[in-house]
Amino acid sequence: MMKHFAIWLMVTLLLAGALHAQDHRFDPPWNTPPVASVAFTVPGIDNVPDLYGDIIDPQLVIFFAGNQFMVIDSLISDFKKEYPQYQRVFAETLPPGILAQQILTGSLVLGNLRIDIKPDIYTAGKGRIDQLRDSFAVVKNYAGNTLAIMVQKGNPKKITRLADLARKDVNVSMPNPAWEGIGKRIEEACVKAGGTQLQQSIMKEKVEKGSTYLTKIHHRETPLRILYKQSDAGPVWFTEAYYQQMLHHPVATVAIPEKENIKASYWAGILKTAPHPQAAKDFLAFLMSDRGQGIYKHFGFTPPEL
């Protein structure tokens, strides 16, 4: 009898552990990792999806606006083919406000790793670029975007508009305006859709109640929270929802009408302190070329306003 009880108890504990184990099937990196002799990525523990390429003795360093992680594989690979003299490229795709702080302070700490590296190029929305205008030798508008709402596949909460995010039964994932430019743009869209009352309801009242979650890393957290059913919906750039559907992840996109939407323009600036000025000029030329623009179009970005 005791033997059977012990077996039952062991099976029960194993099943309980399995039920409460963290699900990592949607975890990044969603990009293709570089080739190395030792591959050591442990989902949920050792996984650094926002740092790319060669950090030691790079020939070009790019700080990308975080929501452009999906273009990295094609963009850098094709740039190396077009300009074979540059094979060691390092890129970061953290939130633009964090990258701006990294530029101004000189370093970033991620876990136990201290990164002290100067970028050649910084890309961000126009507002953030304007704040650092004196830091650039040249800036160019290279792409655009619009807002959308990402929801779980099948849209179980029947969300059709921004105003639905204020409902009590909807858990929202929202980019933190403190360091994500998109957070402020979403607030603008909410005001257009329902006045300051809607904006306050989503960004203040629901934050206080815990039904609006302010993200730490917007371009990763919102899709993950929706995929793991921690949030019902999240306003994102259209390209982020589009990319998750390209990956065949179980999400859907709810369009925001033009009268309530916001258009973003992305700008790239070559820093006056760029350690590799010629490489920066060559990359900016590639970014504006037909091939570079074709990559951005493939991932759902709109063309620059030339």
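Which residues form a nonpolar patch on the surface? In this predicted model, where local features need pLDDT of at least 70, side-chain atom pairs count only at pLDDT 80 or more and totals for chains, interfaces and linings use all residues, the patch is made up of V48, L110 and L113, with about 230 Å² of accessible area together. Residues are numbered from 1 along each chain as its sequence is written, and side-chain values use heavy atoms, with hydrogens and water left out.

A patch here takes residues with over 30% relative accessible area and no salt bridge, joining like charges within 9 Å and nonpolar side chains (Val, Leu, Ile, Met, Phe, Trp, Tyr) within 5 Å. The areas themselves come from the Shrake-Rupley method with a 1.4 Å probe, and for residues only the protein chains shown count as cover. L113 sits in strand β5, residues 113-115, and is partly exposed at a relative accessible area of 40%. Strands (E, at least two residues) and helices (H or I, at least four) are DSSP runs numbered from the N terminus.

Now for the inside. A nonpolar core is a set of buried Ala, Val, Leu, Ile, Met, Phe, Trp, Tyr and Cys residues joined through side-chain atoms within 4.5 Å; buried means under 20% relative accessible area, exposed over 50%, and partly exposed in between (1.4 Å probe, protein chains only). The largest such core has 66 residues, of which L75, I149, L165, F283 and Y296 touch the most other members. Helix α5 (residues 181-209) gives this core its largest share, seven residues. Apart from that core lies another one of 18 residues, including I115, I129, L132 and W267. Leaving out residues up to four places away in sequence, Y296 is in contact (heavy atoms within 4.5 Å) with F64, Q68, V71, L75, Y142, A143, L287 and F301.

Then there are the charges. Side chains of opposite charge can pair when their charged atoms come close. The structure holds ten salt bridges, each a side-chain nitrogen of Lys or Arg within 4 Å of a carboxyl oxygen of Asp or Glu. One of them pairs K157 with D232, with the closest N and O atoms 3.1 Å apart. This pair links distant parts of the chain, 75 residues apart: K157 is in the loop between β7 (136-152) and β8 (172-174), and D232 in the loop between α6 (218-227) and β10 (233-237). K157 is partly exposed at 27%, whereas D232 is buried at 12%. R167 and D169 also pair up, at 3.0 Å between the closest N and O atoms. Salt bridges with shared partners join K126, D130 and R133 into one network.
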